[in-house]
Amino acid sequence: MTVETLDPFTPTRLGPATLRNRVIKAATSEGRSPDGMVTDDLIDFHVAFAEGGVGMTTVAYCCVSKEGASAPGQIVMSDAALPGLRRLTDAVHAAGAAISAQLGHSGVVAPKKLTGVTAVAPSRFINPTSFAYCREITRGEIRTVIEHFAAAAQVAVDAGFDAVELHFGHLYLPSSFLSARINRRKDEYGGCIDNRSRLVREIAARVREVVKDQIAVIAKLDMDDGLPGSIWVDEALRTAQLLDADNTLDAIELTQGSSVYKPMYLFGGDVPVKEFAEVMPPALRPGVRLAGKRVMGSYPYRDLYMLDAARQFVPVVRNTKLILLGGVTNYEHLQAGLREGFDFMAMGRALLREPDLVNAMIADHGTRSRCNHNNKCMVTVFGRTHCVLDPHQRYGPVPTV
């Protein structure tokens, strides 16, 4: 079968897992676990994507430790969370889809008010958005973080997940080690890109050692974080090449942007300054309205906006499957991804707008997404993530009379 005739809607292997098609629901902050535990609301959220036809849905940002949390209400992968996680995976499987747990340590993004401890970074660092001080992580603590990722992956296996997604993007802790701007270490974790890639390689290797071939292992990797002097495609290609040679991953999902500098670089489209100001404390609202667009950045949206960078990785990565993200909204985009050499395509905002979009595309290849990239869904992460244009998600079901 040639690439041109590949069907994005046929079953495909991802490591030991079989996905019913090549569409993955990308991780998007959910806000449905206020006490850090699985809720019926979270289960319903992911079941909607499963019933809507995706091959796999991704549970966003499961913390490998409480110190690695980036926001309130995130699930910490632990024995306490296990019963709820099992209910979640069972429900998604019953709806016909696979399910992945995104594992992360927020590093420089971790707010001390939430975690109770000073955030850690490869080197001393001041977060340019929050102005919070981050201390240099010790070598002993690096080993502990690696073991936290491994333990979290074991929880995912025990809970019945089909895959874990190691968050190596957006300048969270593993990603910040890849950044020459943030990582100024003089030991084996700093200096050249091979050294700066050491932590992500060690995390991937340790996770693979723990999970063996029971579940798939994916890494979400930054191609370009938008921070001057930080991560760009040239060195990201080397990191991907090293991970690929290690043969510890089943797939790499390529991403861009960061959580500490101009976050709109990840998304493109409208900048919801007014809406962000409304959820800020009153004293901060004037500043957000005045400087919000400059702080968040402003980038026009275009379809397949990560493809130009992502296609550079196709000839470099030989043993590991690749997942294309960014502006994938219709059947033609899925076909374009296959033609370019990608194995899976990930969708975020389009599925948040229409959880049943995949089924609609299967029924009619001409289906067009209703997402208009107003990005007001970004603001809803401060509460319960939803598409503001979907009354059912925003207000709940219509009451009976």
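A residue is called buried when its relative accessible area is under 20%, exposed when the area is over 50%, and partly exposed in between (1.4 Å probe, protein chains only). Strands here are DSSP runs of E of at least two residues, and helices are runs of H or I of at least four, numbered from the N terminus. The structure is a predicted model, in which local features need pLDDT of at least 70 and side-chain atom pairs count only at pLDDT 80 or more, while totals for chains, interfaces and linings use all residues. Residues are numbered from 1 along each chain as its sequence is written, and side-chain values use heavy atoms, with hydrogens and water left out.

Two strands are taken as paired if DSSP finds at least two bridges between them. By this criterion β5 is joined by six bridges to strand β4 (residues 56–63), and the two run parallel. Within this pair, G104 of β5 is the bridge partner of C63.

The pairing extends to a barrel. Eight strands close in the order β3-β4-β5-β9-β10-β11-β12-β13, with parallel pairing. From one strand to the next, the twist averages 30°.

From C-alpha to C-alpha, F313 lies 23 Å from G104 in space, and the two are 209 residues apart in sequence.

The helices come next. Axes are lines fitted to C-alpha atoms, for helices over the stretch in contact, and angles run from 0 to 180 degrees between N-to-C directions. Helix α7 (residues 198–211) lies across β9 (163–168) and β10 (216–222), running at about 165° to β9. Helices α2 (residues 82–94) and α4 (residues 139–159) pack at an angle of about 55°, with their axes 8 Å apart. The two are therefore oblique to each other; angles under 35 degrees count as roughly parallel, over 145 as roughly antiparallel, 65 to 115 as roughly perpendicular and the rest as oblique. On the α2 side L82, L85, R86 and T89 take part, meeting V155, D158 and A159 in α4.

A further sheet is open, with three strands in the order β6-β8-β7 and mixed pairing. Both β6 and β7 stand at the edges with a single partner strand each, so one side of each has no neighbour in the sheet. Three bridges pair β6 with strand β8 (residues 133–136) in the parallel sense, and V120 stands opposite R135 in β8. The loop between β6 (119–121) and β7 (125–126) holds P122, which counts as buried at 0% relative accessibility. Not counting residues up to four places away in sequence, P122 touches E136, I137, S176, F177, I182, N183 and R185. One of these, I137, is 15 residues from P122 in sequence and 5.8 Å away in space, C-alpha to C-alpha.

Notes:
Contact means heavy atoms within 4.5 Å.
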